[in-house]
Amino acid sequence: MKKTLILVIFFYILAVLQTSFFIQFSIFGIAPNLILISACLLSFSAHKGSLMGGKKTDQNIGIYSAIIGGFFLDVFSSHFFGASIIILLVINIFIKTLLGFLKEISNRCQIIYFIIIFVFSLIIYDSILSLVLYFFNSVSTQFNLLTSLTKIAYNLVFASIFFYLLKGYNALKKV
Amino acid sequence: MKIVSQKRKNFKKIAIGIIILGATLVFLNIFQKNIRNTFYLISAPIQKTFWKIGNKSSNLFETIANITRLKREAEELKNKNQELTSQIISLDELKKENENLRAALGIGLEKDFKLELAEITANDISQSYILINKGSKDGLQKDFPVITPQKILIGKIIEVYENYSKVMLISDKSSVFDAKVSEKEIYGTVNGRGNLQMFFDLILITSDINIGDVLVTSTIGGIFPKGLLVGTIKYVQKEDNKPFKIAEIEPFFNIKELDDVFIITDFLK
């Protein structure tokens with residue numbers, strides 16, 4: 001219960017920051033999606049042998065993050081309620097399945113694994129959201145390589161920062 | 001046997017989870033207006049503060065990064081200022097003359113728009129929507145045009161809550177409206193491309209459209225009042241096998257620099 005409450009507050013703050021502060025630092029009209037980054041990171045960290053050490057109590061943190069983070073993304077977006085929740089849940093399943101093939105992630109490789117997984121998650125998120133917008137809001141999306149690469153690069157900067165912040169926090173907790 | 005019962009239990013758990021999630025989503029969508037309005041109401045003061053902090057910080061970063069360019073621009077603006085001052089003087093004289101002529105002919109001045117001032121409180125992650133702090137209780141309605149104090153078109157209201165309204169920017173992918181090149185009889189449609197990008201489409205191949213031409217709204221579509229500033233032509237794309245040209249637009253509005261906007265409340269389609 002306490003952890004869920006912390007997640008709610010955490011994602012709410014991220015949503016507010018994302019829609020009012022970080023939007024001012026957009027590059028080519030692209031702003032970082034902090035909620036997606038955090039939801040991916042928490043799903044990744046819940047895996048056995050990764051950042052959190054995969055404690056039994058942390059196993060569902062990815063699902064909770066997807067639901068709570070998705071809810072706040074939906075609140076501050078224009079599409080119907082549930083679109084972001086479902087996309088983040090799909091991403092959570094994707095990360096869990098992918099990490100299921102790996103027994104243990106060595107400490108040095110964690111950031112590389114996370115970056116690869118995050119890039120794929122971002123592509124999944126954008127693809128499904130484009131489909132949702134196409135079918136429900138009649139908005140067609142034109143693919144632009146430069147925009148897509150900028151989006152990936154810009155989000156990766158924040159994803160890396162968040163990764164090391166969580167890693168540092170876990171190291172401190174251990175001490 | 002144990003594994004089978006464990007699997008059944010897991011299946012039951014997942015099925016119950018999906019049903020609860022589905023029911024919650026249905027509930028959220030039924031009451032989405034109230035839920036969103038409540039969240040906007042709670043978040044608005046925090047968002048406004050962060051918006052202002054972000055605005056100042058990004059301006060500072062931009063200033064540091066553009067000092068050389070700014071120096072050159074300042075010099076250019078100084079020269080332009082002198083030019084404009086002399087133009088203002090001559091325009092003042094023309095204005096007086098115009099007023100006198102109107103009075104003489106008995107023509108009343110064109111009715112100004114009825115405007116409602118609002119503040120921007122947040123921006124959507126896709127950079128296609130902004131949230132303003134006026135809603136249905138202030139008399140706002142769907143499709144009302146939103147402009148800057150400089151008469152630059154920003155977008156139109158697409159959703160109205162009690163205390164807030166969501167404005168779709170003209171750069172949104174679903175935004176389409178008619179426009180024309182100022183002082184030329186070149187018409188076309190402005191289509192949003194997302195990420196604050198727009199293009200001017202359906203321009204006749206024979207049209208003499210140039211980089212730097214100013215686009216204003218036209219009356220054809222009836223979506224926006226005529227004469228609102230849209231942007232300048234950035235790049236013209238011409239393909240020989242097509243009957244129309246497409247041009248990229250540099251929007252006049254800069255979402256990062258916007259604080260206050262005006263809503264035109266008396267524009268009827």
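In this predicted model, the side chains of Glu119(B) and Lys48(B) meet in a salt bridge at 3.3 Å, N to O, where a salt bridge is a side-chain nitrogen of Lys or Arg within 4 Å of a carboxyl oxygen of Asp or Glu. This pair links distant parts of the chain, since Glu119(B) belongs to strand β1 of chain B and Lys48(B) to helix α2 of chain B, 71 residues apart; helices (H or I, at least four residues) and strands (E, at least two) are DSSP runs, numbered from the N terminus. Because the model is predicted, local features need pLDDT of at least 70 and side-chain atom pairs count only at pLDDT 80 or more, while totals for chains, interfaces and linings use all residues. Residues are numbered from 1 along each chain as its sequence is written, chains are lettered from A and ligands numbered from 1 in the order in which they are written, and side-chain values use heavy atoms, with hydrogens and water left out.

**Salt bridges**

- Glu119(B) is partly exposed at a relative accessible area of 25%, and Lys48(B) is partly exposed at 27%, on a scale where buried means under 20% relative accessible area, exposed over 50% and partly exposed in between (1.4 Å probe, protein chains only).
- Glu76(B) and Arg72(B) form a salt bridge through their side chains at 3.9 Å, N to O, and because they are 4 residues apart in helix α3 (residues 67-105) of chain B, about one helical turn separates them.
- Within that pair, Glu76(B) is partly exposed with a relative accessible area of 48%, whereas Arg72(B), at 52% relative accessibility, counts as exposed.
- Glu248(B) and Lys234(B) meet in a salt bridge at 3.6 Å, N to O; Glu248(B) lies in strand β11 (residues 244-251) of chain B and Lys234(B) in strand β10 (residues 229-237) of chain B, so the pair ties together parts that are 14 residues apart in sequence.
- Lys234(B), Glu248(B) and Glu250(B) are joined into one network by salt bridges that share partners.
- Over all chains, the structure holds 8 salt bridges.

**Strand pairing and chain B overall**

- Strand β1 (residues 115-123) of chain B pairs with strand β12 (residues 260-264) of chain B in the antiparallel sense over 5 bridges, pairing being assigned if DSSP finds at least two bridges between two strands, and Glu116(B) stands opposite Ile263(B) in β12(B).
- Strand β3 (residues 145-147) of chain B also pairs with β12(B) in the antiparallel sense, over 2 bridges, with Phe262(B) in β12(B) as the bridge partner of Ile147(B).
- Chain B has 3 helices and 12 strands, and 36% of its 269 residues count as buried.

**Interface with chain A**

- In contact across the interface are 35 residues of chain B and 36 residues of chain A, contact meaning heavy atoms within 4.5 Å.
- The count of salt bridges between chain B and chain A is 0.
- The elements that give two or more residues to the side of chain B that touches chain A are α1 (2-30), α2 (32-65) and β1 of chain B, and the largest share, 17 residues, comes from α2(B).
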